[in-house]
Amino acid sequence: MLQNHPVLHMENLTRSYGKHPALSGLSADLELECGRVYGLIGPNGSGKTTLLKLLSGILSPSSGHISLTGESGAFPSAEPPSFSEWGPEYVVYIPAGERGLRYKNTVHDNVMYFCALKGKGYEETKLLLQRHAASLSCEKLLGRRVESLSLGQKKKASLLCGLCCGARLILMDEPSNGLDPQAEEELKRTIRDAARRERVTFLISSHDLLLFEGLADRYLFLSEGRMKFSCDRQMNTEELKEAYARTGAAKTVERTEP
């Protein structure tokens, strides 16, 4: 069966910080199918953030490589581009917590700034901003400075920047950190809707298992810098707990509902 979408191929990725290995020969394929949401799961220190930073280009691997493959129709040209060419244009990284946006600027100005960095023209960005702000129901946030927003609103502003930049792959690191249950449910709805409507792929790292129920449709499980195993279907919270325990984590990390 032909794959008319790109496949991100990671082979023997290693990355060390000094003498400490964060990734140790990780290999995996990520099918960049439109509308797909991947859950990247593992305990603290398993290499989740390092992997996202490698895919975003913030870090380079100590060894191993990342490449793109795909059958006819996956790319505009006959041959797949190199990941070093494709990634800067189509991959967006949204870090954990409240980092990533320019706090003294408005949401509108953040979008214009990051799209300019991606090489998008002013008129094109304006049209994309109108479209995506309406689809995310965040038109009222455009004139507000980022520092005045709630954490949930900041996550929505970050997604708006990514979509306006023309992302094909959006990487989100621990997006539920600091969110109350209501804000987390709204974030899940926003991600699901954006993935399906805008036909982008999400790779979301977290050890908050409740975040993934009803959100992710594929999972990658990391442990000690390696890909432990994967699952290509949706899983409920109990299944996720069992799978998480199989990573070798000493204790299953989960949020306790009030």
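**Exercise 1.** How are α3 and α4 oriented to each other?

*Solution.* The model is predicted. In it, the axes of helix α3 (residues 107-117) and helix α4 (residues 122-135) come within 10 Å and cross at roughly 135°. Angles over 145 degrees count as roughly antiparallel, and 65 to 115 as roughly perpendicular. Helices α3 and α4 are therefore oblique to each other. Their crossing is right-handed. On the α3 side, the contact is made by H108, V111, M112 and C115, and on the α4 side by Y122, T125, K126 and L129. By class, five residues of this contact are nonpolar, two are polar and one is charged.

**Exercise 2.** Determine the relative orientation of α5 and α6 and the make-up of their contact.

*Solution.* The axes of α5 and helix α6 (residues 181-198) come within 11 Å, with a crossing angle of roughly 10°. Angles under 35 degrees count as roughly parallel, so α5 is roughly parallel to α6. Helix α5 contributes K155, K156, L159 and L163 to the contact, while α6 contributes E186, L187, T190, I191, A194 and E198. These residues divide into five nonpolar, one polar and four charged.

**Exercise 3.** Identify the most connected members of the largest nonpolar core and trace the contacts of F202.

*Solution.* This core has 50 residues, of which L159, L160, I170, I191, F202, I204 and Y219 touch the most other members. Its largest share, seven residues, comes from helix α5 (residues 151-164). Another core, of 27 residues, lies apart from it and includes M10, L23, L51 and L222. Leaving out residues up to four places away in sequence, F202 touches R36, V37, Y38, L159, I170, M172, I191, A194 and A195.

Definitions and conventions: Residues numbered from 1 in each chain as written. Predicted model: local features only at pLDDT ≥ 70, side-chain atom pairs only at ≥ 80, totals over all residues. Heavy atoms only, no water. Core = buried A, V, L, I, M, F, W, Y, C linked by side-chain atoms within 4.5 Å. Buried < 20%, exposed > 50% of the residue type's maximum accessible area, 1.4 Å probe, protein only. Helix = DSSP H or I, 4+ residues; strand = E, 2+ residues; numbered from the N terminus. Contact = heavy atoms within 4.5 Å. Axes fitted to C-alpha atoms, helices over the stretch in contact; angles between N-to-C directions. Left-handed = near helix turned anticlockwise from the far one by under 90°. Nonpolar A, V, L, I, M, F, W, Y, C, P; charged D, E, K, R; others polar.
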